[in-house]
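Please keep the sequence and the three-dimensional view side by side while reading. The paragraphs below lead from the contact between the chains to individual residues.

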Amino acid sequence: MSIGSVSLLTFLDAPVVVGDPEGRTAYINPAFARRFHPGGEDATGQPLSALFEGGVREAVLKAVVECCEQGRTVRFRLRHAGVGYTAVASPIVAEDARVGVVILLVESGAADERLLALQREIAEPVGELRRVLDELLEQTGGRRDERYRSLVEEGSRALARVQKWSEELTSLIVGRPAAAQPNASFDAVRVVQDAAARLRGEFAALGIELEVLVPARLPRVRGDGARVELALVRLLQGRLSTARESASVTIAARPIGRGEARSIVISICDAPGGDGLSMADPTEPLPTIVTELVRELGGEIRSASDPLVGRTTAIRFDVLPD
Amino acid sequence: MTKVRSLRQPEEGSRRDHSISTLVRDAQQLLRGNDFEGALDLYQMAASLAPDKIELEGYVDLLRSRLVKHYRERVGDASRIPKLLVPLDQITGFNLSADAGFVLSLVDGRTSFEELLSVTSMGPFEALRIFARLLDAGIVEVAA
């Protein structure tokens, strides 16, 4: 298939380029030729790298390598001649062998560009705030400053969440999954305490007791703490919406397994007031966002209820090996 | 060999499931009589038999959360100071666990429950349970 061949791709307005496993061009459609290869000479057989320049070349080659090596679709963004594109590189598979790669370039909408620009605008003051808070934290070492220190720490944690979700937003706009951190780990005690701290005011306003039962320390757990915190916040919010006044909700974490802990379990429990049978909707389903998140992090989540004791949602996470 | 294993495994599995359901049934029986401590022990046994059923660990936490309230009530105002009631040479007669012995060694008549809880490095459930039991056994008392 070359520039001269006629196929459905010929009539596509979006630029398309097909490469072979050796990184040579097998086909470009007319839309691609018009925008990226205006010289008109046959591109077939040329290295893919020769079709692009500078940073775009680097982005395309990186995506092609990733796509061919891992056999999965890779999304990335590029800008050419003042136009932004969202690119999708997908492997072409025939009889279990990867025989090439097809790259589709879709012009980005102005809204995406604007969102990205906004994200950059947000990231800059957030970075400044981070520096200020770090400096303030250094100045609040004495016992008299304890209250201020705790306020600054609270602010830092909130800012860390803003940074985290701001990065997630960028990944979402760019169409790339958030950078996977295979070695990421978190302190479950801190994550549980932070999740509870975020909702303590809301619980208190409804007259519901929120108890945190965690030991002083737990082994570090594999996964992204910010995402686990989000899952716990969602679960606690769910409890908040169904709990009755004067009820009590507990969030707990502890190690499980014999000898050296291999896992930890984080539970959210609510005990019914009076007779257990009056507990609101004991079979309430778990929010999808939470179940997906826990699964993504390699954890396991189950809910159960018993009119005699109450309702519980338990999440198990693997401990990070030493 | 493979045949024997394939026949034996379901049998062991069903025996395990039977044990778990018996433990859970007995635990519920104890709960009806408000024996939360006893029910907790049984749920813990069931959870250790079935590590794949994490909902059992959830029930363990649920019972711990109920019991911790009871222990807090027993201990009362955490700013109060526990005092030893039993002479040190008679403590061995109580057959205390190592953890309880450790907690007891921290009771000096000057340190409050609150402070003791923070220095034991145990979880609040474990530490409060020990204090509640020491109070029940008359080994410590709370200064007025």
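The contact between the two chains takes 23 residues from chain A and 20 residues from chain B, where two residues are in contact if their C-beta atoms, placed from the backbone, lie within 7 Å. On the side of chain A that touches chain B, at least two residues each come from strand 7 (209-213), strand 9 (248-256), strand 10 (263-271), strand 11 (300-306) and strand 12 (310-318). Strand 12 of chain A gives the largest share of that side, five residues. By residue class, the side of chain A that touches chain B divides into 13 nonpolar, five polar and five charged residues; Ala, Val, Leu, Ile, Met, Phe, Trp, Tyr, Cys and Pro count as nonpolar, Asp, Glu, Lys and Arg as charged, and the others, Gly among them, as polar. Helices (H or I, at least four residues) and strands (E, at least two) are DSSP runs, numbered from the N terminus.

This is a predicted model, in which local features need pLDDT of at least 70 and side-chain atom pairs count only at pLDDT 80 or more, whereas totals for chains, interfaces and linings use all residues. Residues are numbered from 1 along each chain as its sequence is written, and chains are lettered from A and ligands numbered from 1 in the order in which they are written. The model scores ipTM 0.83 and pTM 0.65. The pLDDT, the predictor's confidence in each residue from 0 to 100, averages 86 in chain B, with 90% of the residues at 70 or above. Within chain B, helix 1 (residues 2-32) has the lowest confidence, at a mean of 75, and helix 2 (residues 36-49) the highest, at 94. Over residues 1-7 of chain B the pLDDT is below 50, and this stretch has zero contacts in the model beyond near neighbours in sequence. Where pLDDT is low, the predicted coordinates should not be read in detail.

Chain A contains seven helices and twelve strands. Of its 322 residues, 28% count as buried; a residue is buried if 20 or more other C-beta atoms lie within 10 Å of its own, exposed if 12 or fewer, and partly exposed in between. Chain B has six helices and two strands, in the order α-α-α-β-α-α-α-β along the sequence. In chain B, 27% of the 144 residues are buried. Among contacts in chain B between residues at least 6 apart in sequence, 65% join residues at least 24 apart; the corresponding share in chain A is 58%.

In soluble globular proteins, nonpolar side chains tend to be buried together. A nonpolar core is here a set of buried Ala, Val, Leu, Ile, Met, Phe, Trp, Tyr and Cys residues joined through C-beta atoms within 7 Å. The largest such core has 69 residues, of which Ala188(A), Val192(A), Leu232(A), Ile264(A) and Tyr43(B) touch the most other members. Its largest share, nine residues, comes from helix 3 (residues 54-75) of chain B. A second, separate core of 22 residues includes Val17(A), Ala43(A), Val74(A) and Ile103(A).

Helix 5 (residues 188-205) of chain A bends by about 45° at Leu199(A), the bend being the angle between axes fitted to the seven residues ending there and the seven starting there. Its buried residues are Ala188(A), Val191(A), Val192(A), Asp194(A), Ala195(A), Ala196(A) and Phe203(A). Apart from residues up to four places away in sequence, Ala188(A) touches Leu218(A), Val221(A), Ala253(A), Ile264(A) and Ile266(A). Strand 9 of chain A holds Ile251(A), which counts as buried because it has 25 C-beta neighbours inside 10 Å. With the same exclusion of residues up to four places away, the partners of Ile251(A) include Val192(A), Ala195(A) and Ala196(A).

In chain B, Phe113(B) is placed in helix 5 (residues 113-119) and is buried because 22 C-beta neighbours lie inside 10 Å. Among the residues that Phe113(B) touches are Pro82(B) and Phe131(B). The C-alpha atoms of Phe113(B) and Pro82(B) are separated by 6.7 Å, although these residues stand 31 apart along the chain. Asn95(B), in the loop between strand 1 (82-84) and helix 4 (98-106) of chain B, has a positive phi near 55°. Asn95(B) counts as exposed because it has 7 C-beta neighbours inside 10 Å.
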